[in-house]
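This report describes a structure section by section. The sequence and the coordinates come first, and the description follows.

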Amino acid sequence: MIEVQNAIKTFDGNQVLKNVSAIFEAGKTNLIIGQSGSGKTVLMKSIVGIHRIDSGHILYDGRDITIMKRKQLNQLRREIGMLFQGSALFDSMTVLENVRFPLDMFSDETEDEKDRRARFCLERVELSHAVDLYPSEISGGMQKRAAIARAIVLNPKYLFCDEPNSGLDPKTSLLIDKLIQDITHEFNITTIINTHDMNSVMEIGENIIFINKGEKAWQGNSNEIYNTGCQPLEDFIFASELFKKIKHVHSSNK
Amino acid sequence: MNAIEKVGEYASLMYRTITKPDRWSIFWKQYVNEVKKQGIDSLWIVVIISTFIGAVITIQMVLNTENPLLPTYSTGLATRDTLLLEFSSSIMCLILAGKVGSNIASEIGTMRITEQIDALDIMGVNSANYLILPKITAFMTIIPCLVLVSMFVGIIGGYCVGIFTDIITVHDYEVGIQYAFIPFYVTYSVIKGIVFAFIISSVSSYYGYTVKGGALEVGKSSTDAVVNSSVLILLFNVMLTKLLLT
């Protein structure tokens with residue numbers, strides 16, 4: 001479980017996070033949603049420790065990263081896997097080398113064991129056929145899957161996904177969402193997904209936190225999202241005609 | 001950002017860079033790769049430029065020192081000392097600042113804007129140490145070879161002028177390049193090369209590592225890396241010459 005307590009972050013006098021508190025539960029897909037510029041990426045980067053918050057606390061199962069030194073933070077980061085918006089695979093390495101990289105850096109297993117583990121993770125994301133290809137030789141969806149394999153290769157306790165569906169077609173997006181959710185349940189990981197893809201919200205939103213203008217405006221799950229009473233969230237989610245119709249159908253069925 | 005802040009940021013980056021690698025096996029793998037990329041792949045440009053400059057220096061020396069009072073071997077002597085003292089270290093490093101420096105800055109800069117460096121940091125890898133240390137150590141260890149190759153082929157270039165033209169005789173050139181030879185000039189040049197290699201690789205890494213934005217900024221950081229490395233090479237050249245030769 002990850003707990004954010006009264007997080008405040010300011011950039012050049014502009015308060016981007018305004019006293020945000022939230023709990024992200026283990027074994028669940030926790031979603032951070034919000035409009036562009038609402039502060040959701042800053043919140044995620046602060047949780048991961050890329051940004052240091054000005055005040056407040058961020059607790060990883062009781063361990064406060066805001067008071068950790070670089071060495072302690074690096075130790076904790078070995079329990080973290082992260083999927084970046086652009087996949088962030090290393091261009092100079094093949095898919096297999098990319099997935100093996102965290103093992104090469106931190107694991108004392110034999111070469112064979114590392115190889116087996118990396119291939120197992122690639123099999124899990126259905127990429128066994130692409131092990132010898134370079135990131136530039138595979139599609140965006142395959143890159144995302146390879147990045148997921150790399151993120152889970154060290155059996156992380158915490159998984160972060162920054163806009164996992166950006167640039168992907170709806171079908172591939174659904175596959176990636178499902179994969180993240182399955183992995184979360186399978187390994188009981190605390191997963192935090194930063195997204196503004198409404199399909200993801202509806203499909204895998206087990207714990208949703210809505211950030212509006214740097215503040216937590218709402219928290220709930222995908223079933224509760226139709227009647228939140230939170231106007232900024234309604235404006236955000238039901239902006240398109242399609243989702244207005246879905247809401248209408250949902251209300252009629254009730 | 002002002003100059004003092006940049007120097008502080010550079011020093012802080014070097015503090016993170018110059019530490020024990022997380023895994024020596026990975027460090028050596030990268031080190032060998034960097035030696036190939038920065039050293040072996042630069043060999044052809046060093047050979048071509050040094051040969052032609054060696055030839056041109058010889059021709060210019062003959063044409064501009066047509067004085068009966070000067071001994072005939074003075075052309076070989078002047079060519080040798082110019083190559084040994086300045087060309088093979090300072091000028092060659094200025095050229096390599098363009099090739100190697102821009103390569104380092106754009107490579108690391110691209111990794112920064114595509115979040116590959118963030119990915120390393122999130123994994124708990126010391127990204128500065130992992131990416132920059134192999135580049136600095138590889139370039140500092142391969143540069144003496146490049147300097148020595150440059151000296152050798154530069155002198156061969158001058159020799160070719162004697163063989164293929166009637167501007168200077170081979171005998172006069174041979175006497176000149178052997179006359180009053182001071183071995184310390186080679187050491188001096190190698191020392192300068194090592195210092196300049198550190199400047200090129202570390203300054204270029206700094207500009208790449210701290211880039212913010214997109215492709216345009218990577219291009220700008222690459223240019224800044226070459227310009228600032230060149231200025232620092234010229235500055236340190238004066239300081240080292242004063243320190244080592246006077």
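## An open sheet in chain A

Four strands of chain A, in the order β2-β1-β4-β5, make up an open sheet with antiparallel pairing. At its edges stand β2 (14–24) and β5 (63–64) of chain A, each with a single partner strand, so one side of each has no neighbour in the sheet. Strands here are DSSP runs of E with at least two residues, helices are runs of H or I with at least four, and both are numbered from the N terminus. Two strands count as paired if DSSP finds at least two bridges between them. Strands of a sheet pair through backbone hydrogen bonds, either parallel or antiparallel.

Strand β1 (residues 2–11) of chain A is joined to β4(A) by 5 bridges, and the two run antiparallel. Within this pairing, A:V4 has A:I58 of β4(A) as its bridge partner.

## Model and confidence

This is a predicted model, in which local features need pLDDT of at least 70 and side-chain atom pairs count only at pLDDT 80 or more, while totals for chains, interfaces and linings use all residues. Residues are numbered from 1 along each chain as its sequence is written, and chains are lettered from A and ligands numbered from 1 in the order in which they are written.

The average pLDDT (the predictor's confidence in each residue, from 0 to 100) of chain A is 87, and 97% of the residues score at least 70.

## Overall form of chain A

Chain A contains 9 helices and 10 strands. Its C-alpha atoms fill a box of roughly 55 × 45 × 30 Å along the principal axes.

Of the 254 residues of chain A, 41% count as buried. A residue is buried if 20 or more other C-beta atoms lie within 10 Å of its own, exposed if 12 or fewer do, and partly exposed in between, with C-beta atoms placed from the backbone. Among the contacts in chain A with a separation of 6 or more, 65% are between residues 24 or more positions apart. Two residues are in contact if their C-beta atoms, placed from the backbone, lie within 7 Å.

## Helix α1 of chain A

Helix α1 (residues 40–48) of chain A is largely enclosed by the rest of the structure, because 8 of its 9 residues are buried. Those buried residues are A:K40, A:T41, A:V42, A:L43, A:M44, A:S46, A:I47 and A:V48. Just after α1(A), A:G49 has a positive phi of about 100°.

## Interface and nonpolar core

In the interface, 15 residues of chain A are in contact with 13 residues of chain B. On the side of chain A that touches chain B, the elements giving two or more residues are α2 (70–77), β6 (80–83) and α3 (95–106). By class, that side has 9 nonpolar, 3 polar and 3 charged residues. Nonpolar covers Ala, Val, Leu, Ile, Met, Phe, Trp, Tyr, Cys and Pro, charged covers Asp, Glu, Lys and Arg, and the others, Gly among them, are polar.

A nonpolar core is a set of buried Ala, Val, Leu, Ile, Met, Phe, Trp, Tyr and Cys residues joined through C-beta atoms within 7 Å. In the largest one, of 121 residues, those touching the most other members are A:M82, A:V99, A:L122, A:A149, A:F160 and B:I200. Helix α6 (residues 127–164) of chain B supplies the largest share of this core, 16 residues. Leaving aside residues up to four places away in sequence, A:V99 touches A:A118, A:C121, A:L122, A:A146, A:A149, A:R150 and A:V153.

## Individual residues

A:D12, in the loop between β1 and β2 of chain A, has a positive phi of about 50° although it is not a glycine. A:D12 is exposed, with 5 other C-beta atoms within 10 Å. B:E115 also has a positive phi, near 65°, in a residue other than glycine. B:E115 sits in the loop between α4 and α5 (116–123) of chain B and is partly exposed, with 19 other C-beta atoms within 10 Å.
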